[in-house]
Each structure stands twice: as structure tokens, then as C-alpha cells.
Amino acid sequence: MTHLHHGWDKQPDPAVRARIDELAERIERYRASYYAGKPDISDAAYDALEDELRDLDPTHPVLARVGTPVAVTEWEKARHEIPMGSLNKVVNEAELEAWAARCDELVVKEGGKAISDDLFVAEKLDGISIEVIYRDGKYADAITRGDGIMGERISPNVARMRGVPQKLKEKLTLSVRGEIILKLSDMKKSFPGVANPRNAAAGTSKRFDGQGCEHLTVLFYDLADHLDVTTEEQKITFLRKQGFGTPWTAKGTLKDVLGIYRKYASEIRAGLDYEIDGLVVRANSTAAQTLLGEVNRRPRGATAFKFASQAKVSKVVEILWDTGPSGRVTPVAIVEPVELAGATVQRASLHNVGNVRALGIGVGDEVLVSRRNDVIPYVEEVVEKGGKTEQPPTRCRRCSAELVTSGEYLLCRNQACPALVEGRIHNWIDAIGALEWGDKLIEQLVEAKLVKEPGDLYKLKPKQIADLERRGDKIAKKVLDELTSRLPLTLPVFLAALGIEGFAIQTARLLVASGYTTIEKLLAATEQELAGISGLGPIKAGMIVRGLQGRKAEIERLIAQGIVPVTQEQEGPLAGMSFCFTGALSRPRGEMTNLVEANGGRVLSGVTKELNYLVSAEADSTSSKAQKAKKYGTVLLDEAGFFKLIQDKGVTVS
Ligand SMILES: [Zn+2]
């Protein structure tokens, strides 16, 4: 027998042999439990194990059986009129070329035309295969693939799915093949918290109450009937004409197909609203397909051209509980390295403590590691327990403080925790816009106890930085210059840089515009006063007041250090002037605002009696703001007028 995979031309090493035997034994066992109606593992994990075995030993007898067997459920069994086979697969360009060359050779020998010049390619949907039958043009039946011979009749559920016409354009009796999928947009909307669309589609399509089936979609790609078609292209055209939804398809040469594959793998796939795991490549001519026949119930004239795998089984080596900059503890599983979607993965997120408990995961467990939809790799499920279940820590790994539980999360609330200190320093550096300061440098400075709060940054001596590992005089000078070049800070930037919860730059600007023009005024403000500002409310006001009081000593040390925020009452070419920006401007709103505030002016968010200048794209604007401004006698400026005004006042515009 000729198979189209890379085979072993020598005996595999004993470790690989042992893994093959183990996989074969387990696949058999999982099938048995599936038959008994008590599946041990999910379809996705089962597929990953089968894929692994296929990679190691493509001709293993355990793989000869098609698909996953039918589970024992209350759905009625039904026999497919024409068995639903599955496809051989190739996993790289060389294998596809070898497949095409072999087909060409066989077809030409039989007097046919080489298929390499006339191929048909379609997206390979990662869903649940289904056969749908129409009688006299009316929807009649839907049967899952099952083991390829027998499936389950889930007709009422499929009737509710999108893309399944109840009536055809013509009164035909025929059987069509499609794939049940859950679109990613529908998953987000209707299945919150679900990560794997294929598993959700599989579970939902077999629910006895049919609930959720209205959010599933079926895309059709094949016609198992003797209609008068001679090419795959005609089949798909026919399906579309009858009102069926179909995946994207194209016709072309082998070279075209390789180009399409590269484009899909590198960009198109990531932007699709549904998951595909490869392309299906077929001889376009049905005559050529017939000539090529079948091997092991798999058509030789078609192949699945798979993308690099997105989910694989690996073993947990360690579980880390890292405390993040906000104090939130994020568990991460360190796993034995696996190749996923073109990258070697060793760290897989476990999201939060609630998820760790739900998974019941521990070191030594075999897990399914996933990297779907371009998200960071995460552990999807525990395939087989191999060790003790992980006990979440009670103390922070960075500072040993007692952790508290908040919803699904563990939190470190110790403000002196190095992780939180790093977070606050990071926020300060980001907010003031200092460049050259990397995470690693901040970590080193906190680790060396040189920096405990933002004020300490301004006490740093070049030598202290230069002496750190892998730093030096040049870096020390550069980062310290960056820091001082940002001074003086405007009051809103100063406030936002503190990183108080619920107190970002927008809120800081609102407070300044509402008359809290100095840090002293703000520190003296009560919750009640702030709650009265429109756009704040009591909850935010409380967070601001408590946040500021908690950092009061730190703020005072910053000011003593000479880091005094510039306020509108201070000198500046635009002191005493107020501006409001409206409409689409040529520069970002934030840039205009900074320009005004850095020069002592005030920026208001709306038109009030206090407003001096309203700046809009067109000076003759008739917007409601412009009309209000006219009523108050506010000066209306276009952008050119604005820049001329501030330059006349002595502001340099870059
Ligand atoms: Zn801590």
C-alpha cells in the first residue's frame, strides 16, 4: 500500500515506540468509554492525541477507523446512504507536492489529465460534520457523521441552525454535506466564557432541548448525489444557487494553492469569524477523482492541507503564582515544550484561581494546551491526572503577605509588595511619557531597594544605575535625562501618574477644569464635594479621596523633592486663558490639550460662561457648541487661528 505520509524508514527510538504504544492503548480506551456513554475526555483532547499518534506512526492500525464513534445517547441512530469518509492529511508544502505528483502519475497512467493544473481548494472548517437530506426540495433529515457508517439523527436541532434552507429553489431530492460551526462573533455574544467554539458546537448541536442551536451555523461543501456535475466547482456553484451557505473556495494550479495556503496561514485565518484548521484540496474533475479511487476508505484525489496545530497535549512541570502590578495573582502552568501554531510553547495561562480549582489541575497532569484565535497559550483542560491537585497559595510569592480572595481572583493587598511597587513605578514612567525605561530596569531598582516610590526616582545617582547588572554609565545618563526632560509635570499628568484606582488622566483633567487647580485644593476636598461634580458621582469620588489620602505622605515627599505639578494659577504664556476643542482636528485631542496645559492654559470639556476660546475644524461651524459659544460671547477659532494665537503669545509649536 502506498500511503502519502512521511513514514518511518528506520525503527523509531524506544522512547517514541513507547509513546506510540501508550497513545494507541489510550485511544482505544477512550473510544470504549465513549461507546459506553461516559466519555473520559473532550473531543478536542481526543483529536489532539489522535493527531499526535498520526504524526508518529501514520499507518498505525488504531487510526484505520474513521472519526470518533457514536456516543450512546437518546438520539436515534441512522445509517448514511453513502458512508461519510474522512480525508488523508498533509502538513507541509513538500507533502502536498508529493501527494499531487503521485496523483498526477496515477491519473496520467490511466489516460486522464494531471490534476496539478486543475485543483479545487476550500477552507477546512473545524466543526462537526453533518449530512443533510432534502426530499422534493424540502428539508427532511440531518445525521451526524458518527463513525462514518452510522450517525445520530439530530434533524430538529439542525433545522434551527443558520445557513440551512428549509426549502430548495428546485424540487430536488439530494444529500448534502456540511460542517456545523460556532462563529466567533456568536460565541462572544451568546456563549460568554466559552473558549473553544468546536466543543461548544458539538455539545450544543446534541442538546435534547435544542437550546442554543439557533446560534450555530452550517456551511456546506459537498454533494453526495448523482447530479449532473463534472467538477467540484460546479458542485459548489450549485449549492450556492440552492441557498446553502458555503466556505470560501477557489480553483487553481498547485502553485496557486500553495500561495493561498501561505496567505491563509500568515494572515487570512486570524481574521476569519470562524475557525479553520487547514484547507481541503481536491482534484477539481470528478472523473479524475473516480480514477484515483479510495485507499482505506479515504479518497486519494483529496487531502486535508492542515495548518500547524493549535492544541496539543503536554505535561505540567510546575505551576507559578505570579503577583502582577495591580496585586492580582495570575497562575501559569509551565509545561514540557510543545510546538503550537509555529511557536514553541512552555508557559500556558491558567487565568485565575477560580479556573485552577475548576480544572483540578496539578503538577504531573497531562493537559491540553491551546493557542486558538491568536490569544496567549492557555490550558484548556486536564486530559489525565498524573499528580496531586495544586493547592493555591495562601501567601504572596513576592512578599509573603496573606492573600485575599476577590471573586475568581487572589489578590496581594500589601502596598509594599515589590510587585505592587514595580506596578506603581511603571505607571509613573508611562504616564509622564519617559522613554528608555524598561520593565527589567524597574525590577532591578526595586529589587535593589533603590526605589520604593516615584519620588525615589528623582533621587537616583547615575552611579547607582550604572552599577546594576548589564547597565553602565551610558544607560544611566540616558534614563535620568529622560526623567528630568519631562519636568515640570502638569497637574493632570502628575495625578494620573500616581496610578490611583479610578483616577486616570480624563478624570484628573475634569477635576482641574472644575476648579481643583492645585494639589493642595484636591487634598483638602471631601467626598461630598467631589461627588457634586457632574461626571464623577459618589463611587468615583470616594475612590479618589481615599486614594489621595492613602498616598498623601508620598505626594508630600514628591513635592519636597521639587516635583511640583504645574497648575493653571502659575505663570505660562497661556495663563488665565481657557480653551475647548471640538470636532475633527488635524492633531490628536490629547496633544492639543497637553500643549495648552503645559503652557499654563486651561482646557474645558464643554462650553461655559468661563470659556474664552472654542477651537473647531471650521470657524463658521453651526454646531450646538458653536451656537452656545456665540451666545456667551466666546471667541470661535479654527485651527490656524488657534496656532497663530498661541504662537503670538510666545508658545513654540513643533
Ligand atoms: Zn505581595
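Trainee: In this predicted model, does Lys 449 count as buried or exposed?

Mentor: Lys 449 sits in the loop between helix H12 (439-447) and helix H13 (454-457). A residue is exposed when its relative accessible area is over 50%. The relative accessibility of Lys 449 is 63%, so Lys 449 counts as exposed.

Trainee: What is the phi of Lys 449?

Mentor: Most residues other than glycine have a negative phi. Lys 449 is a residue other than glycine with a positive value, and its phi is near 60°.

Trainee: Where does Asp 136 lie, and is Asp 136 buried or exposed?

Mentor: Asp 136 also has a positive phi although it is not glycine, with a value near 50°. Its place is the loop between strand E4 (128-135) and strand E5 (138-144). With 53% relative accessibility, Asp 136 counts as exposed.

Trainee: Which residues does a cis peptide bond join?

Mentor: Most peptide bonds are trans. Here, the loop between helix H15 (473-485) and helix H16 (491-497) holds Pro 488. With omega at about -5°, the cis bond joins Leu 487 and Pro 488.

Trainee: Is Arg 26 buried or exposed?

Mentor: Arg 26 is part of helix H1 (residues 14-35). Beyond residues up to four places away in sequence, Arg 26 touches Arg 19, Leu 49, Glu 366, Val 383 and Glu 384. Buried means under 20% relative accessible area. Arg 26 has 3%, so Arg 26 is buried.

Trainee: Which residues in the largest nonpolar core touch the most other members?

Mentor: The largest nonpolar core has 49 residues. One of the residues in question is Trp 428, which, leaving aside neighbours within four places in sequence, is in contact with Pro 454, Leu 457, Tyr 458, Leu 489, Phe 494, Ala 497, Leu 498, Leu 558 and Ile 563. The residues that touch the most other members are Trp 428, Trp 437, Leu 457, Leu 530 and Leu 548.

Trainee: How many residues are in the second, separate core?

Mentor: Among the members of this second core are Ile 128, Tyr 134, Met 187 and Leu 223. The core is separate, and it has 33 residues.

Trainee: At which residue does UniProt place the feature "active site"?

Mentor: The residue is found in strand E3 (residues 119-125). Apart from residues up to four places away in sequence, it touches Ile 276, Asp 277, Gly 278, Leu 279, Val 280 and Ala 304. The UniProt record, an unreviewed entry, places the feature "active site" at Lys 124.

Trainee: What distance separates the C-alpha atoms of Ala 250 and Val 281?

Mentor: Ala 250 belongs to strand E9 (residues 249-252) and counts as buried at 16% relative accessibility. Val 281 is 31 residues apart from Ala 250 along the chain, and their C-alpha atoms are separated by 9.8 Å.

Trainee: How many residues apart along the chain are Gly 423 and Gly 324?

Mentor: Gly 423 is in helix H11 (residues 418-432). It is buried, with a relative accessible area of 14%. The C-alpha atoms of Gly 423 and Gly 324 are separated by 7.6 Å, while along the chain the two residues are 99 residues apart.

Trainee: What distance separates the centres of domain 1 and domain 4?

Mentor: The domain assignment gives domain 1 as 14-64, domain 2 as 88-306, domain 3 as 311-412, domain 4 as 418-485 and domain 5 as 568-654. Taken over C-alpha atoms, the centres of domain 1 and domain 4 are separated by 53 Å.

Trainee: What radius of gyration does the protein chain have?

Mentor: The protein chain contains 24 helices and 24 strands, and its C-alpha atoms fill a box of roughly 90 × 60 × 50 Å along the principal axes. For a compact globule of 654 residues, the radius of gyration would be near 26 Å. The protein chain, by contrast, has 33 Å.

Definitions and conventions:
Residues numbered from 1 in each chain as written. Predicted model: local features only at pLDDT ≥ 70, side-chain atom pairs only at ≥ 80, totals over all residues. Heavy atoms only, no water. Helix = DSSP H or I, 4+ residues; strand = E, 2+ residues; numbered from the N terminus. Buried < 20%, exposed > 50% of the residue type's maximum accessible area, 1.4 Å probe, protein only. Contact = heavy atoms within 4.5 Å. Core = buried A, V, L, I, M, F, W, Y, C linked by side-chain atoms within 4.5 Å. Domains from an automatic or database assignment. Rg over C-alpha atoms; globule rule 2.2 N^0.38 Å. UniProt positions renumbered as here; feature names shortened; annotations may be inferred.
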